[in-house]
Amino acid sequence: MKMKPKILFATLAAVIAVSLATALATAQDMPLFRWENFTTADGLPDNHVFCVLVAGDRIWAGTENGLGRYENGAWRVLRPADGLAHQAVLSLALDKRTGDLWVGTMGGLSRVSADRIDNFTQLNSGLSNDIVYGVGVQGDFVWTATAAGASRLNTRTGEWALFNERNTPMYEIWTYGVSPAEDKVYYAVWGGGVLEYDVKTERWKDYNDPDGETELVLMKDQGLIHEVTTSVSYVDKILWVATYFGASRYDGRYWHNFLQKDSGLPSNFLNQIKGVDGNRAWFSTDKGLAYYDGTNWAVYRPALDTHKPEMQVRDAAGAVKKIAVQSAPAHNYILGVDFQGDDLWVATAKGLSHGIRQRGSTENASTESGSTESAQVVGARKSIQGESIKKK
Amino acid sequence: MTVVDFLMRSMVTIPAKAKLAAKIAPITALILVAAIARPAAKPAGSGINERYLSPLEMLLSPDGHRLYVVCQASDELRVVDIESGKVVTVVPLGRAPRGITLSPDGTQIYVTNSTDDTVSVIDAATLKVTRTLPTGFEPAGVVSDRTGETLYVANRLSGDISVIDVKTGQEMKRLLAGRGASYLALSPDGKFIYGTHIYPNPGAFRTPPNSEITVIDTGRQTVVERKPLHNVAGVFHVALSADGKLGVAAQLRPKNLIPLAHVEHGWVFGNSLTLFGEDVGGTVQVPIDELDRYYSLPWGVVITPDKSKIFLTTAASESVTVIDVPRLLSYVRARREPFVNDLSASANYVAARIPVGHNPRGVLLSKDATRLYVANRLDDNITVIDTKANRVVSTIDLGGPKTINPFRRGERLFFTANYAFQSQFGCSNCHLDATIDGLQWDLEPDGFGKDIVDNRSLEDLSGTEPFKWNGGNPDLPTECGPRTEKYFFRSQSYGDRELTDLVTFVYSLPYRPNRYRLANGELTPAQERGKAIFERTTYKNGKLIPQTNQCAYCHSGPKYTNQQQLDVGTGKPTDRSPLVDVPHLRNVVYSAPYLHDGSAQSLEEIWTVFNPKDTHGVSNDLTKDELNDLIEYLKTL
């Protein structure tokens with residue numbers, strides 16, 4: 001069917017106008033936070049915070065020297081003397097059905113269940129290795145990413161299944177992150193790309209960088225951005241992948257890669273990625289915390305030079321503006337993030353940060369001197385966790 | 001041959017009376033010979049055709065007119081008309097029923113079947129089983145939440161609590177409980193469920209045992225608290241007062257870290273209660289023993305609605321202890337320091353001791369609380385007690401066999417503390433419900449910390465002789481007779497017939513269903529791979545493994561033991577000899593910890609920690625995957 005030229009023109013104009021308006025609007029609608037930072041002076045076990053997990057009103061912070069629990073304004077610390085497998089806590093996962101917390105440490109896996117701690121190590125259990133970089137819960141199974149492959153504990157039978165180079169396409173066994181879901185389980189394999197486990201067929205499949213083990217990007221958006229993966233996040237059947245050389249998004253058919261040079265990423269060095277939904281994600285980099293809403297980017301950090309609080313917004317056209325803010329995460333080196341409603345909790349190299357979402361805050365916020373635009377609130381506020389509004 | 005299943009139920013597999021008679025004759029003769037000569041060293045058989053009932057738990061109908069009695073050995077629910085004292089209906093159940101509860105509206109009765117891993121749902125009006133719901137391994141206690149929508153089931157072998165959607169019958173999730181999770185109680189306001197467990201939680205080697213009361217928030221359906229019970233191993237019934245301010249759990253305090261030779265000093269078991277709740281704040285452990293008399297194996301417990309009395313069955317002492325609650329609370333508040341080891345304390349709050357039948361377990365109050373019903377498990381009857389006068393007023397016969405056969409006699413001996421000095425303990429104190437206790441004991445009078453031994457399973461013992469970890473007892477009569485009498489009980493010895501009965505009973509304890517084998521009996525791929533490792537005769541490089549270092553050489557035969565004593569390098573400097581009796585491996589998965597002294601907390605540790613030189617089988621050439629496979633296979637034995 002042929003469309004008349006006038007109608008075609010009008011339609012195109014409308015589409016462009018809507019697109020531009022949307023892009024502009026969303027660029028101005030990036031979330032603003034007031035940051036409260038916790039350090040050892042506040043009771044945090046250690047300032048090197050490797051991971052953070054929100055469990056309702058309770059915040060768990062995995063640090064280099066203990067697991068901290070923040071609740072009702074007070075910190076409680078668990079260390080090996082309290083029964084924890086090791087003081088260095090690398091990863092956390094919550095079994096939402098039972099309320100049990102699974103803790104990956106440098107000395108094994110701990111289960112914290114209503115203050116009772118049980119430890120699973122490579123010596124006393126079937127766990128493949130005591131260095132547990134990642135942990136995730138999928139029904140009755142607890143999946144771990146360890147320095148010697150993947151392990152799966154069946155909590156009903158106690159059976160451990162190990163997955164490594166002998167029974168999967170895992171040619172490197174240094175697994176760094178895991179993201180289990182009902183249908184798929186994804187692993188970030190440091191130096192080995194991404195592994196996918198199909199729950200139904202029980203088969204494994206690997207995804208690798210089409211450029212091979214190089215730092216070249218000859219075939220962008222034709223596959224995983226790099227083999228050195230650090231984190232995976234599988235949400236709404238979309239896979240988000242973090243690497244030390246950029247980030248990737250995979251929808252089951254198409255890949256889209258994000259690099260510092262052509263996105264709002266402040267760095268290609270990513271420690272963690274956490275998807276809000278299929279379009280939105282948070283990126284923990286060595287140069288700040290970044291948020292991508294599907295079109296626009298925002299970066300939160302102490303400025304790299306002055307260390308003053310900084311927020312940058314980059315729109316779809318690549319225009320970057322700085323928003324004047326009074327606070328920032330504790331440090332640029334971000335290791336992890338979790339959501340508490342509209343708030344954020346952020347693990348950094350110098351403390352734990354609580355990003356308190358500011359309602360209507362961008363309306364009064366001003367851009368820093370030299371900026372030509374002013375930030376305004378446009379439309380309804382989106383939930384960063386995607387619970388209230390999901391952008392599709 | 002006649003067998004008794006795991007829960008001490010005698011069952012006859014001989015169909016014809018003639019065959020039975022033919023069998024009885026030689027067996028009877030054997031028993032007679034044993035009685036006049038020496039105790040039998042092998043299973044004697046019994047010639048029984050009795051099917052005992054073994055009433056365990058009870059429930060009252062909402063109108064208070066009927067008593068529902070769970071009969072563990074006959075796989076039945078017997079319904080008693082209280083007024084007439086007669087059994088009016090018998091409802092067949094699954095195998096080895098153990099726990100019972102009622103739906104909030106009183107229309108459904110739920111009974112756990114511990115051998116089948118199910119719950120029978122019984123229509124209270126028709127008294128027919130309408131549905132069977134799946135649970136975890138070896139379900140015991142069961143309660144419904146206040147809405148009637150969710151059922152909670154304590155699973156003894158899997159150490160967890162199943163959360164079951166009553167409407168769909170689906171198990172929604174399992175909550176981590178204490179090891180040997182067994183008994184549950186709903187708080188009067190319906191907000192919390194309190195759970196206990198009969199084995200101590202895993203702990204470091206040679207440290208005091210610890211247990212917990214698991215507290216579940218019924219709104220969130222998660223565990224929100226674990227009340228620590230220090231120095232406690234073996235927690236049984238738990239009950240709450242009508243106002244919800246006082247909770248009480250029956251428990252054992254084993255003193256397993258010091259030599260059992262100290263029995264004369266009262267240092268083997270403390271029988272006690274843990275009190276918790278607003279009335280006491282936190283948890284308080286209180287003794288029920290007296291200075292020179294013990295009331296062993298506190299089991300069933302109930303609090304009167306007016307909170308004036310606690311009634312407690314002491315299963316190995318064949319009595320009910322009556323506690324004056326106001327005096328108890330007053331005493332607890334006055335004693336600020338822990339006093340659970342002060343046996344003079346009980347005089348301040350124990351109001352009466354009422355003798356009842358053999359192995360009293362479940363207790364229940366009538367609707368007006370004027371009567372207490374006590375299930376005498378090994379008498380097949382119910383004792384009725386006047387709660388005001390604290391005296392027995394009648395006995396309800398549940399209709400079991402009138403003949404007491406050797407098995408039953410042996411079972412009574414096994415479950416009584418009457419043969420021990422001051423009635424401190426019996427076989428069943430350490431072999432809870434004829435299993436294990438998860439503890440390591442300093443049994444020998446050779447000094448503190450020497451010759452520590454792990455408690456061994458009693459399942460399917462025939463063909464596993466000799467006994468003791470050093471193989472020092474050639475047969476079961478020696479193990480159960482002189483050894484037990486001399487070193488354990490130190491008071492009264494068994495007569496020859498008694499010893500034969502006891503041995504007959506112990507030999508009859510069967511192999512529990514293994515939950516790790518596939519339903520068709522086949523092995524999973526991982527288990528198959530593990531079997532190949534277990535049976536291998538060569539190293540990975542093809543070199544022959546010395547015969548004595550092959551798993552299947554020492555752990556050979558139908559019970560996986562060659563019945564010899566060997567040094568496999570697991571001896572400790574505190575052991576008198578490095579020689580260890582090769583244990584059988586039947587259901588080894590259920591009997592952690594491992595090795596002769598229980599120093600290996602898991603099957604894995606046998607090889608990852610305690611086999612550095614490949615002296616206990618060859619394991620150091622295995623990958624972690626292969627070791628996991630081996631363990632998956634061992635779990636199926």
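Modeller: Gladly, starting with axes: they are lines fitted to C-alpha atoms, for helices over the stretch in contact, and angles run from 0 to 180 degrees between N-to-C directions. Helices (H or I, at least four residues) and strands (E, at least two) are DSSP runs, numbered from the N terminus. This is a predicted model, where local features need pLDDT of at least 70 and side-chain atom pairs count only at pLDDT 80 or more, while totals for chains, interfaces and linings use all residues. Residues are numbered from 1 along each chain as its sequence is written, chains are lettered from A in the order in which they are written, and side-chain values use heavy atoms, leaving out hydrogens and water.

Biologist: Why is helix 7 of chain B called roughly perpendicular to helix 10 of chain B?

Modeller: The axes of helix 7 (residues 525-534) and helix 10 (residues 624-634) of chain B come within 7 Å and cross at roughly 95°. Angles of 65 to 115 degrees count as roughly perpendicular (under 35 is roughly parallel, over 145 roughly antiparallel, the rest oblique), so the label roughly perpendicular applies to this pair.

Biologist: What makes S284(A) buried?

Modeller: S284(A), in strand 23 (residues 281-285) of chain A, has a relative accessible area of 0%. Buried means under 20%, exposed over 50%, partly exposed in between (1.4 Å probe, protein chains only), so S284(A) counts as buried.

Biologist: How do you know that the side chains of N113(B) and S120(B) form a polar contact?

Modeller: They are joined at 2.8 Å. A polar contact is a pair of N or O atoms within 3.5 Å; within protein, one must be able to donate a hydrogen and the other to accept it, and residues adjacent in sequence count only if both atoms are side-chain atoms. N113(B), in strand 8 (residues 108-113) of chain B, is also buried, at 0% relative accessibility.
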